[in-house]
Amino acid sequence: MNQPHTGRQTKDGIRIHDPSDFAGMHAAGKLAATILDEIAAHVYPGQTTAEIDRLIEEKVNAAGAKSATIGYKGYQHASCISVNHVVCHGIPGDKKLKDGDIINIDVTVIVDGWFGDTSRMYVAGKLSRKAERLIQITHDSLMIGIEAVKPGNTFGDIGNAIQTFVEGQRMSVVTDFCGHGLGRVFHAPPNVLHYGRPGTGATLEPGMFFTIEPMVNLGRAETKTLADDWTAVTRDKSLSAQFEHSIGVTENGYEIFTLSPAGKFHPTY
Ligand code: MF3
Ligand code: CO
Ligand code: CO
């Protein structure tokens with residue numbers, strides 16, 4: 001029997017949202033994805049990540065929305081911009097992008113109280129063959145993880161699908177950071193690991209909202225956080241890539257809240 005999923009939380013503290021809550025998440029996700037679409041034209045050699053962030057903040061404000069990251073645990077920017085061997089949480093700054101740099105831009109907005117969180121990869125100038133392969137595999141690992149999202153599967157099934165695929169390509173999945181539940185809050189249970197064993201972890205139910213956001217390294221998985229307390233880099237200085245979608249579990253599978261309206265989620269090739 002179908003039960004309405006109303007105001008409930010699982011024993012693992014995972015909120016089960018109402019069917020009517022999907023609309024709010026679609027609106028928030030669409031704005032975040034639209035901003036990532038529009039920012040693509042502003043990523044080129046010589047550009048600074050601070051200017052990209054300024055443009056993102058301007059777009060969030062122009063939409064009448066709020067940035068979820070400004071003021072979050074002391075973070076002061078509307079985006080995280082992670083270049084080359086930066087794994088995540090790169091702080092926008094005055095350094096200029098160089099030809100061949102690969103860049104993750106991660107934006108989280110709040111629209112009518114709902115959080116939309118997404119990131120994707122960009123390139124400044126010409127993409128090298130090895131970076132192209134890293135970006136392709138990382139993108140595909142996210143989509144393979146999403147394919148495992150349906151009621152009855154577990155979070156371990158998602159992580160296992162991602163890890164098995166990435167390691168089969170002789171690349172590494174970062175284990176120091178994970179995806180997360182979200183909704184009317186930024187970071188909620190569960191931790192969505194991008195590795196794991198099939199059948200482990202909480203079981204997926206309709207009405208769960210969470211991100212999947214695998215970080216993949218060309219070298220080893222280990223990361224370290226710099227003295228600024230945010231910037232996470234690969235310990236071996238190898239290139240790292242990441243893609244992130246916010247999704248919701250439906251009766252039959254999933255809906256992606258952060259689909260690119262312009263069809264530009266996947267990089268420019
Ligand atoms: N958007 C990031 C995520 O995917 C979180 C960034 S928090 C910040 O969860 F403070 F670094 F912006
Ligand atoms: Co996230
Ligand atoms: Co994010």
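Residues are numbered from 1 along each chain as its sequence is written, and chains are lettered from A and ligands numbered from 1 in the order in which they are written. In this predicted model local features need pLDDT of at least 70, side-chain atom pairs count only at pLDDT 80 or more, totals for chains, interfaces and linings use all residues, and side-chain values use heavy atoms, with hydrogens and water left out.

Student: Which residues of H4 meet H3, and how do the contact residues divide by type?
Tutor: Contact means heavy atoms within 4.5 Å. From H3 come Ile137, Asp140, Ser141, Ile144 and Gly145, and they meet Ile158, Ala161, Ile162, Phe165 and Val166 of H4. Nonpolar covers Ala, Val, Leu, Ile, Met, Phe, Trp, Tyr, Cys and Pro; charged covers Asp, Glu, Lys and Arg; the others, Gly among them, are polar.

Student: What is the orientation of H1 and H2?
Tutor: Their axes come within 10 Å and cross at roughly 140°. H1 and H2 are therefore oblique.

Student: Which hand does the crossing of H1 and H2 have?
Tutor: A crossing is left-handed if the near helix is turned anticlockwise from the far one by less than a right angle, and right-handed if clockwise. H1 passes H2 in a crossing that is right-handed.

Student: Which residues make the contact of H1 with H2, and how many of them are charged?
Tutor: H1 gives Ile35, Glu38 and Ile39, and H2 gives Ile52, Leu55, Ile56, Lys59 and Val60. Six are nonpolar and none polar, which leaves the charged count at two.

Student: What separates the closest N and O atoms of Glu38 and Lys59?
Tutor: A salt bridge is a side-chain nitrogen of Lys or Arg within 4 Å of a carboxyl oxygen of Asp or Glu. Glu38 and Lys59 form one, and their closest N and O atoms are apart by 3.2 Å. Glu38 lies in H1 (residues 22-39) and Lys59 in H2 (residues 49-62), so the pair ties together parts 21 residues apart in sequence.

Student: How far apart in sequence are the parts tied together by Glu205 and Arg8?
Tutor: Glu205 forms a salt bridge with Arg8, with the closest N and O atoms 2.7 Å apart. Glu205 lies in the loop between strand S10 (188-192) and strand S11 (209-212), and Arg8 in strand S1 (residues 8-9), so the parts are apart by 197 residues.

Student: Is Lys11 buried or exposed?
Tutor: Buried means under 20% relative accessible area, exposed over 50%, partly exposed in between (1.4 Å probe, protein chains only). Lys11 forms a salt bridge with Asp12 at 3.8 Å between the closest N and O atoms. With a relative accessible area of 82%, Lys11 is exposed.

Student: How many salt bridges are there by this rule?
Tutor: Glu51, Arg54 and Glu58 are linked in a network of them. The count comes to eight.

Student: Where is Pro151, and which residues does it contact?
Tutor: Pro151 lies in the loop between H3 and H4. Its C-alpha is 7.1 Å from that of Val249, 98 residues away in sequence. Leaving aside neighbours within four places in sequence, Pro151 is in contact with Leu204, Pro206, Val249, Thr250, Glu251, Asn252 and Gly253.

Student: Which peptide bond is cis?
Tutor: Pro190 lies in strand S10. With omega near 5°, the cis bond runs from Pro189 to Pro190.

Student: What is phi of Asp229?
Tutor: Asp229 sits in the loop between strand S13 (223-225) and strand S14 (232-234). Asp229 is exposed, with a relative accessible area of 64%. Its phi is positive in a residue other than glycine, near 70°.

How values were computed. Helices (H or I, at least four residues) and strands (E, at least two) are DSSP runs, numbered from the N terminus. Axes are lines fitted to C-alpha atoms, for helices over the stretch in contact, and angles run from 0 to 180 degrees between N-to-C directions. Angles under 35 degrees count as roughly parallel, over 145 as roughly antiparallel, 65 to 115 as roughly perpendicular and the rest as oblique.
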